[in-house]
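Dear colleague,

Please find the structure below.

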Amino acid sequence: MTPTISTPDMPKAKQPKKSTRSKKTRTTATAETMAAGQRDISVSEFFAKNRHLLGFDNPRKAMLTAIKEAVDNALDAAEEGGILPSIHVHVMQLSETRFRLTIRDNGPGIVRAQIENIFGKLLYGSKFHRLKMSRGQQGIGISAAGMYGLMTTGKPVVIISKTKKNKPAHEVVLKMDTSKNRPTVISDDEHPEDDQLFEDGHGTQVSIELEGKYQKGRQSIDEYLEQTAIANPHAKITYVTPSNETIEFPRAIEELPDEPKEIKPHPKGIELGTLIQMLERTEARQLGGFLQKDFCRVGATKAREICKGAGMTGQTWIKTVGHDEAEKLYDSIQKTRIIAPNTDCLVPIGSKALLAGLLKEVKAEFFAASTRPPSVYRGNPFQIEVAIGYGGGLGRDDSAKVLRFANRVPLLYSQSSCSSFKAVAETSWKNYGLTQPRNSIPSGPLVVLVHMVSVWVPFTSESKEAIADYDEIRKEMKLALQDCGRKLGTYLRRRKRMARESERRSVFERYIGEISRCCNALTGTDTDKLYKALMKQAKRRTDEADNQLDDEGNLIDDNGRLGHDEDVVIIDDVQSLQDGDDTLFGKSKPKKKTKRKTKKKTTRKRK
Amino acid sequence: MAKKKTTKKKTKKKIVVNKSKKTKTRVVDKKRDAETIKKIEKLAGNVVKSSLAQKEPNFSIPTRSVSNMKYNKKKRILEMGDATQTRSLFNLGQSRKFMQSLLLSKGCKELIQAEKTLSLRGMYYMGLHTIPGTKEKTFNDQGESDTILEDLEVALDGLREELHVFAKKRGTMVGNITVVDNGDEINCRKMGTGGYAIPSICEPNIMQFKECTADFILHVEKDTVWSRFNEDRFWETHNCILTEGSGQPPRGVRRMLHRMHKELKLPVYCLLDCDPWGHYIYSVIKQGSINLAFESERMAIPDAKFMGIRSKDYERLDLSDDVKIELNDRDINRAKQIAAYPWFEGKREWQREIKTMLNNGFKMEVESLITKDISYVTEEYVPTRLQEGDFLD
């Protein structure tokens, strides 16, 4: 199911490396001389050399990836502990190219014994072996970040964790031994003086020093955090920038998302290799028991059917199942009809929360969201959510902005190879009143947010930058996009109609004065009286134009579809949105002081 | 400008003085004026009534288009059908016209009350101002106010003359007739080379025929041809009245022709170009125009005859190739259109005439006869046609 490194045993796996260092004079290597150069490589070593695979290709991206991994972990930890996350991110510039990143959460903390494993060992974690919706998946991220820091600066990772109010905070300084994929603890002290770091009495703080480069704009830390705030409206994020400004991303929803359930793999979702591994590792002794226990959606009847299809029975001993039998079993699974996995394991952000998140970070005038029912790709349940923001202070001339998320994590790189980007480009937005160049995303003041939740998000690489392009996934995305598009189309048409009506009224009003005066001259009727009567009628005849003028709340009740739609928010007071044209999604590219304004904006808008 | 204005006023005053002497015409005038004012007030009154009742203010105007034209076979004239269109304030496409109509009605009422007349252009300026609080003008050009005035004529069932509005005059006349124009006696035998300019209002109260010895009327299309005839003293030698309408004859010329035809019993012969436009001019003189169908009764001359130029003249008179003017697509379309008009449809000779022209593939102007001889048209062509009685009906 995973691409290159699929089992925890991998680090120990023998991978002979041929070191044929050819000198100028060619020496013939014998099996013995070659054997001298053949040795183990640890995964940590592998990644140390191939760090681009994990998203550490350049200093700027490395810093973002480090923060991303830490924040993802922090959010996961807090949510799993049933705590509304409050995350503190501090990026401190030490020298031109050196930064210290400090990320603190209010999660349940980590017990002392696990600290070094979690932070010092690659491919160690709680998330890999289970099928459960979470931000992290592989257990590489944070330790890789620490490793990158160690490699570029030689400085260890400092972890402070506090698990309970009455227990003192613990500080662990860690270095990792890349050749052995094993953490080395440099110091390990109790730090009661750090207790005030954790207001809630528990939490974890990681500090990593690394070579990096700080730059605002696209694919920046700022953008990442802003988008994270959109996808996690229940989290409060405080960000201290290298220039020592503090930006608050306030909490928009005081409610934790439901805890996602863990599920067993679906028979159709596994590959032959995985099946063989599962057979090796299962606790069941007979085939029937194995199928029923280790998979979801397989009952006694289904198990019997699968076994029969493979020429075996439910009583066949697992021990006797060799490679050939496993292959037959695999074929039989593919032929058998099995109901799709249950989808209660998915916890989407939800239209309401998505709108709340978008509302506080994007200065648009129209918002719509759509959540698709769960679906399945390759036996993995997934669900697509889409939200859009239109108009207001968004840039009018550029093409639309696509915000991509997977399990609430913003994806900033490799946009064009991402399934969600393709889905946006494939949707024909012209039907909804937007302009769209051929084979491209629409242009205009539009922000499109696409979120995929799944127990296993199919990324195109370990650095988790883009969602792989499965037909099932893209289809769901398009359906959700179309749903939002239709709402936008309705809104745009109505807005046009309102403009037309108020245009009509102004025409009538212009002539009514003339007409009253003429009638006065012709019949002697009182000009004023006639004027008022006609104006009253003009108003009545163009009352549709008033929809906009009369309302004050966010929601317009137009007695129509949009007014009753809970997934749509329309901001009337567009003027206030436009006076500060400067957020990340605003007209101008973000500049130095813009962030502070954003903060003010967002706090003010929150009601 | 200021100077001009004052001179205008002076001349008008003079006219008034002159008029006031003729008490006979004034009496008729006043009665008509009072009626017209009543009509205008009724129109405005309806608007006020429905406005105050919170109903949509509107008035209806008989439709002036081909679709609402009827050819009265018995009378042999074009008549307007019963179809009307409603013009309402609360219709975006009609709002402005609605306002303009009221503005011009107001202008007409003032004009009638002041006992003055104005040209179409004068009316345009009378209604013209910028709407308070905007940059919009009540009229963008004279064309706008002209059509509104025509609408108003039909809506009020009153003639332009009754509204005290006249068009720019066009058309000339000379011949064995003496007319009285607003009290001035005019002997059309003594008009020099310029001729008598036919006024745009030729109603009996302004224009009377004093004495006429002519036998018929020859109407030619253009000023140039008319000059040829005048110089050759054609009207003298053939004892007729010679008129010209500068292309499509204006109302004044048509009304004049109609009155001379009806009151003096003079037959009317038309000498026009051999092209679709010449044919249509003939049709307008004979049956009335589509635009002013409501006035056909007062303007059409169903007995008018078409003398030429005929399409067969090229061969009959052995004209040179140089006179040919090729028919373009527009001409061809127009010719087909005309051939399909109900009042041409049943006339075999006309169908043949148009067909011959289309087959020829070229048109001819009256002036083309000059290639034969400078005075060929006056000395040969027309006299021969008159003698032979060779006309198209």
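**Where the two chains meet**

In this predicted model, 25 residues of chain B are in contact with 21 residues of chain A; two residues are in contact if their C-beta atoms, placed from the backbone, lie within 7 Å. On the side of chain B that touches chain A, helix H2 (23–52) and helix H3 (95–113) of chain B each supply at least two residues. That side consists of 13 nonpolar, seven polar and five charged residues. Here Ala, Val, Leu, Ile, Met, Phe, Trp, Tyr, Cys and Pro count as nonpolar, Asp, Glu, Lys and Arg as charged, and the others, Gly among them, as polar.

Residues are numbered from 1 along each chain as its sequence is written, while chains are lettered from A and ligands numbered from 1 in the order in which they are written. As the model is predicted, local features need pLDDT of at least 70 and side-chain atom pairs count only at pLDDT 80 or more, whereas totals for chains, interfaces and linings use all residues.

**Confidence**

The model scores ipTM 0.71 and pTM 0.61. The pLDDT, the predictor's confidence in each residue from 0 to 100, averages 85 in chain B, where 93% of the residues score at least 70. Over residues 1–28 of chain B the pLDDT is below 50, and this stretch has nine contacts in the model beyond near neighbours in sequence.

**Chain B**

Chain B has 15 helices and 17 strands; helices (H or I, at least four residues) and strands (E, at least two) are DSSP runs, numbered from the N terminus. Of its 393 residues, 38% are buried. A residue is buried if 20 or more other C-beta atoms lie within 10 Å of its own, exposed if 12 or fewer, and partly exposed in between.

Six strands of chain B form an open sheet of mixed pairing, in the order E10-E7-E13-E12-E14-E15; two strands pair if DSSP finds at least two bridges between them. Strand E10 (196–197) and strand E15 (305–308) of chain B are at the edges with a single partner strand each, so one side of each has no neighbour in the sheet. Strand E7 (residues 172–175) of chain B runs antiparallel to E10(B), joined by two bridges, and Thr172(B) has Ala197(B) as its bridge partner.

**Chain A**

In strand E2 (residues 98–105) of chain A, six of the eight residues are buried, so the strand is largely enclosed by the rest of the structure. Six bridges join E2(A) to the antiparallel strand E1 (residues 86–93) of chain A, and the two form a hairpin with four residues between them. E2(A) also pairs in the antiparallel sense with strand E6 (residues 203–211) of chain A, over eight bridges; there, Asp105(A) stands opposite Thr204(A).

Helix H8 (residues 287–294) of chain A has the buried residues Leu287(A), Phe290(A) and Leu291(A). Seen down the axis of H8(A), these fall within an arc of 95°, taken from the directions from the helix axis to the C-beta atoms, so they line one face of the helix. They pack against helix H7 (272–281) and helix H9 (300–309) of chain A.

**Nonpolar cores**

A nonpolar core is a set of buried Ala, Val, Leu, Ile, Met, Phe, Trp, Tyr and Cys residues joined through C-beta atoms within 7 Å. The largest has 135 residues, and Ile67(A) and Phe367(A) are among those that touch the most other members. Helix H3 (residues 59–80) of chain A gives the most to this core, with 11 residues. Another core, of 100 residues, lies apart from it and includes Phe508(A) and Trp350(B).

With kind regards
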